[in-house]
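Me: I am new to this structure and would like to learn how to read it step by step. Could you take me through it slowly?

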Amino acid sequence: MLLADGRALSESNAIIHYLATGSDLLPSEPFAAAKLLAWQFFEQYSHEPYIATARFINRYLGLPEARRAEYAAKQQGGHKALAVMEQQLAASRFLLGDQLSLADITLYAYTHVADEGGFELAGYPQISRWLADFAAQPGHLAMGAAPSS
Ligand SMILES: N[C@@H](CCC(=O)N[C@@H](CS)C(=O)NCC(=O)O)C(=O)O
């Protein structure tokens, strides 16, 4: 992300932290703030390398023969990450509890398009419920939708 003053910020989670500054999406209570970081590290280490990259190989590269084995190998790790989310979402409405937070935004990003990486979400009822709940939040704008003026 390029700021108006020319400074650049990389890494999706750093960017959304910056954008969320001062909002209710960033918990101030220390344990909740640390849990947010835990979900963001989980996203980078246990979710994105499987789900986002499988989607990239399938959707953007057209699942070429040369990357089919890699694509297949990502399925197990992706389902492991989805199972972790399913367990948390069985216990709470959002990932940090009753309130929507940046943790949900972090993980909504690639989870809501996980089917494009070969991940069938029908077997994850809590994730499916959470995705619908997230999309129904005020101000939610679907990817590609034009903002209303
Ligand atoms: N840590 C970076 C990751 C960005 C990234 O590498 N995204 C993957 C998601 S698909 C990608 O572009 N992969 C390309 C590839 O697998 O070749 C962030 O979260 O901003």
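Predicted model: local features only at pLDDT ≥ 70, side-chain atom pairs only at ≥ 80, totals over all residues.

Me: Which residues are around the ligand?

Reply: A residue is near a molecule if one of its heavy atoms lies within 4 Å of it. Here the residues around the ligand are Glu 11, Ser 12, Gln 44, Glu 48, Ala 52, Thr 53, Phe 56, Arg 67 and Tyr 110. Helix H2 (residues 30-60) gives the most to this shell, with five residues; helices are DSSP runs of H or I with at least four residues, numbered from the N terminus.

Me: Which ligand atom lies 2.7 Å from the side chain of Gln 44?

Reply: A polar contact is a pair of N or O atoms within 3.5 Å. A nitrogen atom of the ligand is 2.7 Å from an N or O atom in the side chain of Gln 44, and a ligand nitrogen is also 2.9 Å from an N or O atom in the side chain of Glu 48. A polar side-chain atom of Ser 12, in turn, lies 2.6 Å from an oxygen atom of the ligand.

Me: Which residues of helix H1 are buried?

Reply: Buried means under 20% relative accessible area, exposed over 50%, and partly exposed in between, computed with a 1.4 Å probe and protein chains only. In helix H1 (residues 12-20) the buried residues are Asn 13, Ile 15 and Ala 20. They cover an arc of only 155° around the axis, taken from the directions from the helix axis to the C-beta atoms, so they lie on the same side of H1. These buried residues pack against H2 and helix H4 (102-111), where contact means heavy atoms within 4.5 Å.

Me: How many residues of H4 are buried?

Reply: H4 is mostly covered, as seven of its 10 residues are buried, including Leu 102, Asp 104 and Tyr 108.

Me: Is Leu 63 buried or exposed?

Reply: Leu 63, in the loop between H2 and H3, counts as buried at 16% relative accessibility, and has a positive phi of about 45° although it is not a glycine. Glu 11 likewise has a positive phi, near 75°, but Glu 11 is partly exposed, with a relative accessible area of 49%.

Terms used:
Residues numbered from 1 in each chain as written. Heavy atoms only, no water. Polar contact = N/O pair within 3.5 Å; in protein donor to acceptor, adjacent residues only side chain to side chain. Helix = DSSP H or I, 4+ residues; strand = E, 2+ residues; numbered from the N terminus.
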